[in-house]
Every structure is written in C-alpha cells, then in structure tokens.
Amino acid sequence: VVAFLVIFLGHTLYQIVDMILNRGIPAIPVAQMLLYRVPAVCVLALPVATLLSISLVINRMEREFEISAMRTGGVSLLRIALPLFGFGALMTLASYTLNEKVAPWANHRSENIVRQIMLSKSMPLIQENKYFKASEDYYFYVHRYDPAKNVLEDVMVYERQPGSSRFPR
C-alpha cells in the first residue's frame, strides 16, 4: 500500500515541492495538505495493493507446492481460497469506509488549506539595498531594514505604467 501511495502521490509531491521552493509557501501548511490528501489516494491504492498481494500469495504458494500439498491432504480449493476471500472482503470494507467517511472530510480540509494558501499573499524577502517586486506594476527599493523593529528606512516605490516603455513613476 505504501509503495502505491508513493506512486500515486508522485505528481502531488512535485506540486508541493514547487509550492515550497518556488512560491515561498511555508512547509507546515503544505505538509498538512499532503497528509489530508493521503486518504483519497489510499482509496485508489488499496484495491490495487490488495489484488497484487493476493496474487503474490497465490504465486508463492504455488511455487512452493503448498497448494498441491494441501490438495493432496484433502483440503478443497474453496477452503484454500477462503482466507483470501476474507482478506479481500476486509479490504473492500476498509476501502468503502475510507471512501465514504474519511476521504470527503480530509479532501475538504485539504481544499481549505489550499484556499488559505492561495488567499494569503506571501511577503517577499526584504533585504537592504535591494529591489523587490511587490506586484506586476510595483517595485520597491529599501535602503535600510531593521528586522528586530520591523522598520524600513529610505523606501522608494516605483510604479511601471502598463504597456508603456517610459521610465517608472
């Protein structure tokens, strides 16, 4: 199940790394968003993992001649397959519970985190004697910055005119 989770979350992991590194979004909300997406992905991974595990068990039992030994001992095929059917039924019940109860709640929480991230504008990194972009049209220059007091000194604001090649205002 963990292997399939990693495979199915691959695209989401790429988006999360992009959010943290390129957009400057804090890692904690992004990690929470990832954790809340796991149940929805688990709903996809659980049936595939169950099918693979049952097929591996049957293959291993056949390769070790355990099925032939049990059949020779008088055990019916239905009795051999009963634990596998039980495991499949248990995984079906777990998948149904995840899909109907846990995943909708977790998806809602994940979407709320995404909304909070998108609505909150991250502050650019302010440094002394540097220009930084505040929006498409506005640039700032800060001569001195005191992070302890949260004070900017000698700040110049430049406004670019859209579609104009003139100097900024």
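Reader: What share of the contacts in the protein with a separation of 6 or more comes from residues 24 or more positions apart?

Author: This is a predicted model, in which local features need pLDDT of at least 70, side-chain atom pairs count only at pLDDT 80 or more, and totals for chains, interfaces and linings use all residues. Residues are numbered from 1 along each chain as its sequence is written, and side-chain values use heavy atoms, without hydrogens or water. A contact means heavy atoms within 4.5 Å. Among contacts in the protein with a separation of 6 or more, the share from residues 24 or more positions apart is 45%.

Reader: In what order do the elements of the protein run from the N terminus?

Author: Helices (H or I, at least four residues) and strands (E, at least two) are DSSP runs, numbered from the N terminus. The protein has five helices and three strands. Their order is α-α-α-α-α-β-β-β.

Reader: Is the protein a compact globule or more spread out?

Author: Take the radius of gyration over C-alpha atoms; the globule rule is 2.2 Å times the number of residues to the power 0.38. For 169 residues the rule gives 15 Å. The protein has 28 Å, well over that, so compared with a compact globule it is more spread out.

Reader: Which helix has the lowest mean pLDDT among the elements of the protein?

Author: pLDDT is the predictor's confidence in each residue, from 0 to 100. The protein averages 85, and 92% of the residues score at least 70. Helix 4 (residues 66-72) has the highest mean, 93, while the lowest, 74, belongs to helix 2.

Reader: Where is the kink in helix 3 centred?

Author: Start with the span: the expected value is 1.5 Å times one less than the number of residues. A straight helix of 37 residues would span 54 Å, but helix 3 (residues 27-63) spans only 47 Å between its end C-alpha atoms. The bend at a residue is the angle between axes fitted to the seven residues ending there and the seven starting there. In helix 3 a kink of about 35° is centred on Val41.

Reader: Is Ser95 buried or exposed?

Author: Ser95 sits in helix 5 (residues 77-119). Leaving aside neighbours within four places in sequence, Ser95 is in contact with Val43, Leu46 and Pro47. Buried means under 20% relative accessible area, exposed over 50%, partly exposed in between (1.4 Å probe, protein chains only). Ser95 has 13% relative accessibility, so it counts as buried.
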